[in-house]
Amino acid sequence: MKKKFLIAAVALMAAMSAQAQKIQIVDNDGNAIPLVSVLTEDGVLIGTTGLDGVLADVKGAAKVAVTHVAYKPQLVTVAELPSHEGEGQGWGPVRRITMEDIDYGIDEVVVKPKRYLYVEFYFRAFSYIEDSLRVYTAGILPVSYDIQNNYKSKVRGAWAFGGAANKALTWNTQDLHYEAEQGVKLAASPIETGLRKDKRYEEKYKTSVEPDGENRWIVRNPEGVMGQILHDDGLSITTLDGGQMQIYAGKVSGNKNDVKMAERREKLNYTYQYTEVFKLDEDGAVQRDGFVMEQDYWVHDSGKGKKTTITYLYAADKGYMDEADVKVRGKEISKPYYGDMTLDELAEYERAHNIPALAPEQQKAIQALTMQTGKKK
């Protein structure tokens, strides 16, 4: 009997240890933070939080690192986190992590508007295959928006790549550059403004924006919640599940090509989500020159496994210029930053422009990758 009891006790303990450990990540006001990357101590990607700030399972990791474009990175011990029951949410017990805003900002645009709005973006991009970091790059995207021509963007200057990148390791830096460039193009039109005013979102994507408490709104379509808008500390923070919006819109469009694309995306387990941060003006509205930062997150199944791409974009500098000023600035950027940059050179640019540092766990993973590829550190 004792032996049977012991076996049963051991089995129960094993079952308990194998139970998925949920975590929820919130800000100082208790608001959920979506799209937080959760990593192991060695920089392996465990997963990302959903719109409710929850990651369903840390996969047995005793310590996890959490990173997000708008918050300070942390390394925490899971067992020491405070427990939260998630009343009314159906989560069950969940460990909660509170992240702090990063001390990041750039000067207000105070110059009388000229023809071009110049924004100097700094980007980081990570490519994971089956949660293992394969390619990392970072660089500068100098972009000018012609405000007299519907903000059509024109890129001047050069892409500057650095860190670890190896064509033999699946995708090269050009793939990440393309994803970063797509994010830059989106930044020309704040997504919050589009969701509220652009008929395309209502008619094509079938979305609505509804109040959800003070300074908070939710974005819905007929399938459920697709995103949220939060006004906090003078900032507009919009997070959207663009993949689900695209798939639903394709299904109901009536267009054969759109339906096929929606079906293909479902088959590939396609995910596209992003968070966008803009400054609010004195009236509490979002203006195009208020871009602060953005995080994009793509996932799909490929022939070589699950591919995850994450890009961070920061406004390193911005202001209104005429055409001559834009050309001069493009040349200034091209000269020192053309071609490959080392991690040290990238770090120097980050310090000079007050860009938040990488989390140590991400730095470890990048350094490990440089040893594989032979790139300069």
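Trainee: Why is Thr-238 called buried?

Mentor: Thr-238 has a relative accessible area of 1%. Buried means under 20% relative accessible area, exposed means over 50%, and partly exposed is in between, using a 1.4 Å probe and protein chains only. Thr-238 is therefore buried.

Trainee: Where does Thr-238 sit, and what does Thr-238 touch?

Mentor: Thr-238 is in strand S16, residues 235–241. Helices (H or I, at least four residues) and strands (E, at least two) are DSSP runs, numbered from the N terminus. Not counting residues up to four places away in sequence, Thr-238 touches Ile-191, Glu-192, Leu-195, Gln-228, Ile-229, Tyr-274, Thr-275 and Glu-276. A contact here means heavy atoms within 4.5 Å.

Trainee: Good to know. What should I keep in mind about the origin of the model?

Mentor: This is a predicted model, in which local features need pLDDT of at least 70 and side-chain atom pairs count only at pLDDT 80 or more, while totals for chains, interfaces and linings use all residues. Residues are numbered from 1 along each chain as its sequence is written, and side-chain values use heavy atoms, with hydrogens and water left out.

Trainee: What is the average pLDDT of the chain, and where is confidence lowest and highest?

Mentor: pLDDT is the predictor's confidence in each residue, from 0 to 100. The chain averages 83, and 82% of the residues score at least 70. Confidence is lowest in helix H1 (residues 2–18), with a mean of 41, and highest in strand S13 (residues 208–211), at 96. Over residues 1–18 the pLDDT is below 50, and this stretch has zero contacts in the model beyond near neighbours in sequence. Residues 167–171 also stay under 50, yet the model gives them 14 contacts beyond four places in sequence.

Trainee: What makes H5 oblique to H6?

Mentor: The axes of helix H5 (residues 242–252) and helix H6 (residues 256–267) come within 7 Å and cross at roughly 140°. Angles under 35 degrees count as roughly parallel, over 145 as roughly antiparallel, 65 to 115 as roughly perpendicular, and the rest as oblique. H5 is therefore oblique to H6. The axes are lines fitted to C-alpha atoms, for helices over the stretch in contact, with angles from 0 to 180 degrees between N-to-C directions.

Trainee: Which residues make that contact, and how do they divide by class?

Mentor: H5 brings Gln-246, Ile-247, Gly-250 and Lys-251, while H6 brings Asp-258, Val-259, Ala-262, Arg-265 and Glu-266. By class, there are three nonpolar, two polar and four charged residues. Ala, Val, Leu, Ile, Met, Phe, Trp, Tyr, Cys and Pro count as nonpolar, Asp, Glu, Lys and Arg as charged, and the others, Gly among them, as polar.

Trainee: How do you know that Glu-350 is buried?

Mentor: Its relative accessible area is 10%, so Glu-350 is buried. Glu-350 is in helix H8 (residues 343–352) and touches Tyr-122, Arg-124 and Ile-355, leaving aside residues up to four places away in sequence.

Trainee: What stands out about the phi of Leu-35 and of Asp-131?

Mentor: Leu-35 has a positive phi of about 60° although it is not a glycine, and Asp-131 has a positive phi of about 70°, again without being a glycine. Leu-35 lies in the loop between strand S1 (23–26) and strand S2 (37–39), and Asp-131 in the loop between strand S9 (116–129) and strand S10 (132–146).

Trainee: Why are Leu-35 and Asp-131 called buried?

Mentor: Leu-35 has a relative accessible area of 2%, so Leu-35 is buried. Asp-131 has 11%, so Asp-131 is buried too.
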